[in-house]
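Please read the following note with the sequence and the structure side by side.

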Amino acid sequence: MADDDTEAEAESTTETTAEVEAEAAATDDVTIDVEAIDEYERRIDELSTAVEERDETIEELKSVVEEQSEQIDRLEGQFLDLSARVADGRNLGVCPECNGPTEKKERLFRSDTIECTRCGEVIHTY
């Protein structure tokens with residue numbers, strides 16, 4: 001019987017040791033998984049920040065394109081207006097700012113200009 005008790009104790013010690021080792025191994029696996037999850041979450045945060053920055057950049061570029069399109073339209077209008085005045089030969093046209101009449105002002109000591117007679121805007125300087 002003493003042998004049975006000794007064998008039972010040895011078995012229970014072996015089982016306890018095996019259980020402790022299994023728990024330790026499971027704990028190590030959980031630690032690795034937690035670290036992997038933390039790394040995954042960090043990477044998701046980095047990617048979401050990058051996406052937000054990209055969206056902001058896209059919005060900025062869209063606003064720049066809109067501003068440039070408006071400026072191009074305005075410059076095309078001025079160019080066509082200047083072209084029409086030159087073709088007319090009388091140097092009369094329309095002010096792009098106030099749509100008032102423009103005329104060529106010839107000066108003796110300064111550059112000649114095309115100015116709006118209504119608002120005084122200088123449209124072109126020769």
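The points below take up the cysteines, the salt bridges and a patch of surface charge in turn.

1. Basis of the note. This is a predicted model, in which local features need pLDDT of at least 70 and side-chain atom pairs count only at pLDDT 80 or more, while totals for chains, interfaces and linings use all residues. Residues are numbered from 1 along each chain as its sequence is written, and side-chain values use heavy atoms, with hydrogens and water left out.

2. Cysteines. A search of the whole structure finds 0 disulfides, a disulfide being a pair of cysteine sulfur atoms within 2.5 Å. Cysteine 116 is in no disulfide, and the nearest cysteine sulfur, belonging to cysteine 98, lies 3.4 Å away. Cysteine 119 is likewise in no disulfide, its nearest cysteine sulfur being that of cysteine 116 at 3.6 Å. Cysteine 116 is buried, with a relative accessible area of 3%, whereas cysteine 119 is partly exposed at 43%; here buried means under 20% relative accessible area, exposed over 50%, and partly exposed in between (1.4 Å probe, protein chains only).

3. The search of the whole structure finds 6 salt bridges, each defined as a side-chain nitrogen of Lys or Arg within 4 Å of a carboxyl oxygen of Asp or Glu. Arginine 42 forms one with glutamate 39, and their closest N and O atoms are 2.3 Å apart. Because these two residues are 3 apart in helix 1, about one helical turn separates them; helices are DSSP runs (H or I, at least four residues), numbered from the N terminus. Arginine 42 is partly exposed at 38% relative accessibility, and glutamate 39 is partly exposed at 40%.

4. Glutamate 115 forms a salt bridge with arginine 107, with 2.9 Å between the closest N and O atoms. Glutamate 115 counts as buried at 14% relative accessibility, while arginine 107 counts as partly exposed at 25%. Elsewhere, salt bridges that share partners join Glu39, Arg42, Arg43 and Glu46 into one network.

5. Surface charge. Which residues gather in a patch of negative charge on the surface? They are Glu59, Glu66, Glu67, Glu70, Asp73 and Glu76, where a patch is made of residues with over 30% relative accessible area and no salt bridge, like charges being joined within 9 Å. Glutamate 67 has its place in helix 1, which covers residues 2-88, and at 53% relative accessibility this glutamate counts as exposed.

Terms used
Patches are made of residues with over 30% relative accessible area and no salt bridge: like charges are joined within 9 Å, nonpolar side chains (Val, Leu, Ile, Met, Phe, Trp, Tyr) within 5 Å. Accessible areas come from the Shrake-Rupley method with a 1.4 Å probe; for residues, only the protein chains shown count as cover. Lys and Arg count as positive and Asp and Glu as negative; His and the chain ends are not counted. The place of a charge is taken as NZ of Lys, CZ of Arg, CG of Asp or CD of Glu.
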